Amino acid sequence: MSDEANVAIACQGGGSHTAFSAGVLQELLPAIERRGDRLVGLSGTSGGAFAAVAGWYGSQTAGTTAEAVLEDLWAELAASSPAAQIGNDALVWTTFLENTGVPIPEVSPYQHPWSGWGQEQLREALTTVVDFDAIPGLAAPEAPELVVGTVDINAGTFETFTNESVTATAVLASAAVPQLFPAVEIDGDSYWDGLFSQNPPIGDLYDVPAERKPDELWVVQINPQTRSGTPTTLREIVDRRNELAGNLSLNQELQVVEQINRFLEAGYLPEDEYRYTSIRRLGLDGERPYASKLDRSPEFVSELIETGRESARQFLADL
């Protein structure tokens, strides 16, 4: 990588598995500064949006660090209290039984009394570690782009919230998994989890002046690109379908970046308006059942964070 490179990081969603992303960012964000490079953008969808916002906020706020904010966020999100542990275990085991084919009654999040409560718990965790009122002041012209991905149900379009428009409500909208949470209303429209479209957002990281476009795009990928076997239970089928949708949208966006690279190499685009971007992926290895995406047990969260840190250290060593 060249000296003083512009680096953007895009974080894919994936429930509790995105604790891995927190560990990755804890290593990557300080390393960018140590290397003399410049962070020009952080994007994320769903759980990846939680990681991106916490990492961005920690890296831009005096008196704290990205590592500390990400650590605090997952301390808030983890099911640490006895009551939270009981609820977490019940959810994980119910989902596991559903995966094995045991029939479990399906209940709409609009009929389940705990859905709204769970959403408010997520909001409380976010606002405990991130001062969203400070984001507009931190989103100065020289600050990295901050991008959160959602889907507008009413308009049927993908929508991003960027920089000063990123609020706790926008992040909750990005993580509003339809089977688990009610849609989140923003300015009269209803929003669902951005996993259904751009996961994570890439295009907005390039909607900036030429001098701020990325030389390096690092993608933290949670969804496995390949899986062995064929899903057979309804839950397995839905989960793999969602993984494929997220990966297909990601790959399509990356193909646009690669096409720009080819046009630059061929001399079809002006180099003062476009940059060649090296795309690098850092993925969560191994196959894990859908139920583990809902597991917030402190032990599992800590394992994923440490796995992320180890993967990031290896990623940096390989650059």
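Residues are numbered from 1 along each chain as its sequence is written, and side-chain values use heavy atoms, with hydrogens and water left out. In this predicted model, local features need pLDDT of at least 70 and side-chain atom pairs count only at pLDDT 80 or more, while totals for chains, interfaces and linings use all residues.

Helices (H or I, at least four residues) and strands (E, at least two) are DSSP runs, numbered from the N terminus. Strand β3 spans residues 145–152, and eight of its eight residues are buried; buried means under 20% relative accessible area, exposed over 50%, and partly exposed in between (1.4 Å probe, protein chains only). In a regular strand the side chains alternate between the two faces of the sheet. On one side of β3 the buried residues are Glu-145, Val-147, Gly-149 and Val-151, and on the other they are Leu-146, Val-148, Thr-150 and Asp-152, which leaves both faces covered.

Two strands pair if DSSP finds at least two bridges between them.

| Partner of β3 | Direction | Bridges | Residues standing opposite |
|---|---|---|---|
| β2 | parallel | five | Leu-42 and Leu-146 |
| β4 | antiparallel | six | Val-151 and Phe-158 |
| β6 | antiparallel | three | Val-151 and Trp-192 |

**Aromatic pairs**

A search of the whole structure finds three aromatic pairs. Rings of Phe, Tyr and Trp (its six-membered ring) pair if their centres lie within 6.5 Å; planes under 30 degrees apart count as stacked, over 60 as edge-to-face and the rest as tilted. One of the pairs is Phe-161 with Tyr-191, which is edge-to-face because the planes stand at 65°, with the ring centres 5.7 Å apart. This pair links distant parts of the chain, as Phe-161 belongs to strand β4 (residues 157–162) and Tyr-191 to strand β6 (residues 189–193), 30 residues apart. Phe-161 and Tyr-191 are both buried.

Another pair joins Trp-218 and Phe-315, whose ring centres are 5.2 Å apart and whose planes meet at 80°, so this pair is also edge-to-face. Trp-218 is in strand β7 (residues 216–221) and Phe-315 in helix α9 (residues 298–318), so the contact ties together parts that are 97 residues apart in sequence. Trp-218 is buried, with a relative accessible area of 2%, and Phe-315 is buried at 11%.

**The second largest pocket**

On a 1 Å grid over the protein atoms alone, a pocket is an open set of points where a 1.4 Å probe fits, with protein on both sides within 12 Å along at least five of seven lines; lining residues have an atom within 4 Å of a point. The second largest pocket holds about 320 Å³ of space. Its lining has 16 residues, and those closest to the centre are Leu-29, Glu-33, Leu-39, Ser-59 and Gln-60. At least two lining residues come from each of α1 (19–34), β2 (38–45), α2 (47–60) and α3 (66–77), and α1 gives the largest share, four residues.

**Arg-235**

Arg-235 lies in helix α8 (residues 234–266) and is buried, with a relative accessible area of 15%.

Terms used
Points joined across faces, edges and corners; volume = space filled by probe spheres on them.
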